[in-house]
Every structure is written in C-alpha cells, then in structure tokens.
Amino acid sequence: MTSRQSIKILFLIAALLVSANLSAVPYRTPTEPAHEQDPLMHHLSDHGYIEFPGIKIELPQFKPVQIGSFSFDFSLTNHFIFYWIGFIVLILILRRFKKKKLVQTGFLGQMIEAIVLFVRDDIVKPAMPHDYNKYLPFFLTLFFFLLLQDIIGLFPFMSQATKNLSITSAFAFIVLIVWQIAAISKHGFFGYLKTFMPIKKGDMATPAVIGMNIFLFPLEFMQILTKPFALSIRLFANMVAGHAVILTFLLLGWNSVNLSWNIGVIIPGIFGAVFIYVLEILVAFLQAYVFTLLSAMFIGNSLNESH
C-alpha cells in the first residue's frame with residue numbers, strides 16, 4: 001500500500017467508527033447477580049461493564065438523549081470498548097507497515113502483504129477490473145477491520161463487537177453509502193436509475209419492454225436495502241452462533257439447580273468446545289472474506305453498465 005492509500009484507509013476507518021457509534025443502541029441484561037441470569041445470554045449480550053476473573057469494571061453510563069420520538073444512548077459498553085481496541089490496533093498496524101520498502105522481510109509484514117495482495121487480486125480486481133485501484137483502500141479497510149474485530153473476541157475474557165447487530169449494521173450501511181456514491185459517480189443519477197430497468201429496447205416489443213420494466217423496477221430497486229440487510233444479519237448471526245455453540249459445549253455439565261459441575265459430562269464438552277474454537281479462528285477469516293467479497297460484488301455490479 002502507498003502512503004496515500006494508507007491515509008484514505010484511516011479516513012474510512014474513522015467513518016466506520018463514527019457510524020457504528022451513532023447507530024449502536026446496546027442491549028443490556030438486567031442488573032441481577034450473574035448466577036441468576038441465563039449464562040449463555042449473559043455472555044452474548046452487551047453490558048455496561050467489562051468482566052475479568054474477580055474483577056468487574058463499571059463503564060460510564062449517560063442519560064439517553066431524546067430527539068423527537070428517537071432515543072440515543074451514548075453510554076459506554078463492553079462491545080464499544082473492544083471495538084475501540086480493534087480500531088487502535090489497526091491504526092498501529094497501518095503506522096507500522098506503511099510502504100517504506102518494496103519488500104517486507106519480517107513474518108508479520110509478509111503475512112499482511114500477502115493478505116493485501118489476496119484482497120486485491122482475488123476479491124476486488126475480479127469484481128471491478130477497471131476501477132479496483134480506486135476502491136481498494138476501502139475494501140482493505142473493511143477486510144482488516146472485520147478480521148481484527150472477529151479475532152479480538154477469541155481471546156479469553158474479551159468480546160467481539162461483531163456480535164452486536166448495531167455494529168454489523170453500521171458496516172453494512174457504510175457499504176451501502178459507498179455503493180450508491182460509486183454507482184452515481186459512474187453513471188450519473190438518471191443513468192443509475194436506468195440500471196434498475198434490465199429489459200432494453202429491442203429485447204422485445206416496445207409495450208412489453210415498458211410493462212416489464214415497470215414491473216421489475218421496484219424489485220430491482222429493493223436490492224438497495226435487502227443486500228446490506230443480508231450482509232449485516234449474516235455477519236451478526238455467524239459470530240453469535242459460533243460463541244453460542246462453544247458456550248453450549250462448556251455448559252453441558254453445569255447443574256443450574258445445585259450450582260455444580262458434572263465432571264463426566266464437562267470433559268467431553270471441553271473437547272467439543274476446543275474443536276469449535278479452532279474452527280472459529282477459520283470462521284473469523286472466512287466472515288471477513290465473505291463480507292468483503294459480497295460488498296465488492298455489489299459495488300462492482302453497480303459499476304457495470306450492463307448491470
């Protein structure tokens with residue numbers, strides 16, 4: 001990456017951060033003791049505190065801001081904190097690996113360079129052969145940011161921001177904005193609207209072309225909302241599902257009545273949890289790849305005049 005691309009990525013990160021912070025309306029579990037809550041939901045839900053073994057750090061809470069019929073909660077939560085951690089780590093990586101030399105020699109540098117080439121050559125370039133350099137910084141930001149957010153939650157006592165639907169929706173919203181700006185810049189506003197009318201003059205009789213386009217236009221236009229919605233739900237569901245499966249294995253031997261463990265059941269459960277945990281490392285890369293790939297395909301298709 002050139003230094004100019006790095007600067008673009010920094011600005012795009014800031015845009016992602018602001019959008020996610022403003023859209024986040026966290027869900028918090030009740031304040032009753034942890035043993036009285038569902039342990040599965042207690043782990044998956046967002047909270048106004050961060051827990052470590054024997055330590056509970058309360059985060060600052062603010063009164064919700066009421067604007068008309070909408071309420072905005074700017075209180076800090078654990079997902080928000082770990083989101084910031086991912087943001088800071090990515091900034092440090094960018095500062096460390098700005099293009100100072102043509103060939104990276106260290107292991108980490110070579111790995112990052114390989115990922116950058118992979119995103120460019122296998123995701124962005126096939127989706128938009130003529131415009132890939134223009135949008136490459138955005139997709140690199142998207143891939144690395146999602147990857148870091150997913151990996152952070154795999155460390156003990158840390159949390160994944162991508163388990164929060166508000167965060168995944170913010171990522172999808174940014175993709176939507178870039179998608180529309182790219183398409184309108186390429187075709188113009190009215191030219192972009194024409195891409196939602198796939199039946200062209202000469203494909204069939206003129207009245208049939210008009211009738212089919214009138215019928216298809218709202219269906220084609222609806223994809224502007226359905227595709228980002230699918231992106232956010234897919235990422236959110238996959239991240240939650242992985243942790244839910246791990247916790248289910250770990251809680252197989254837990255007796256909530258006697259508050260005790262059944263050793264004969266917990267040992268196989270631990271082996272199952274370890275196996276799923278290893279798969280989750282692969283899933284972290286896979287979800288960053290799928291989200292970035294689908295985003296590139298959506299934007300690339302909008303840049304194609306034939307749609």
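Visitor: How many aromatic pairs does a search of the whole structure find?

Guide: The search finds 10 aromatic pairs. Please note that the model is a predicted one.

Visitor: What makes the pair of Phe-80 and Trp-84 edge-to-face?

Guide: The ring centres of Phe-80 and Trp-84 lie 6.2 Å apart, and the cut-off for a pair is 6.5 Å. Their planes stand at 70°, and an angle over 60 degrees counts as edge-to-face. The pair is therefore edge-to-face.

Visitor: Where do Phe-80 and Trp-84 lie?

Guide: Both belong to helix 3 (residues 78–96), where 4 residues, about one turn of the helix, separate them. In an α-helix there are 3.6 residues a turn, so residues three or four places apart point the same way.

Visitor: How do you know that Asn-164 caps the N-terminal end of helix 6?

Guide: A side-chain oxygen of Asn-164 is 2.8 Å from the backbone nitrogen of Ser-166, and a polar contact requires such atoms to be within 3.5 Å. Helix 6 itself covers residues 165–187. Just after helix 6, Gly-188 has a positive phi of about 85°.

Visitor: What is the span of helix 6 from its first C-alpha to its last, and what is expected?

Guide: Helix 6 has 23 residues and reaches 33 Å, close to the 33 Å expected at 1.5 Å a residue.

Visitor: How do helix 6 and helix 9 pack?

Guide: Their axes are 8 Å apart, at an angle of about 145°, and the crossing is right-handed. By class, this contact has 11 nonpolar, 5 polar and 1 charged residues. Among the residues that meet are Leu-165 and Trp-179 in helix 6, and Lys-227 and Phe-236 in helix 9.

Note on methods
Residues numbered from 1 in each chain as written. Predicted model: local features only at pLDDT ≥ 70, side-chain atom pairs only at ≥ 80, totals over all residues. Heavy atoms only, no water. Helix = DSSP H or I, 4+ residues; strand = E, 2+ residues; numbered from the N terminus. Expected span 1.5 Å × (residues − 1). Polar contact = N/O pair within 3.5 Å; in protein donor to acceptor, adjacent residues only side chain to side chain. Axes fitted to C-alpha atoms, helices over the stretch in contact; angles between N-to-C directions. Left-handed = near helix turned anticlockwise from the far one by under 90°. Contact = heavy atoms within 4.5 Å. Nonpolar A, V, L, I, M, F, W, Y, C, P; charged D, E, K, R; others polar. Phe/Tyr/Trp six-rings, centres within 6.5 Å; stacked < 30°, edge-to-face > 60°.
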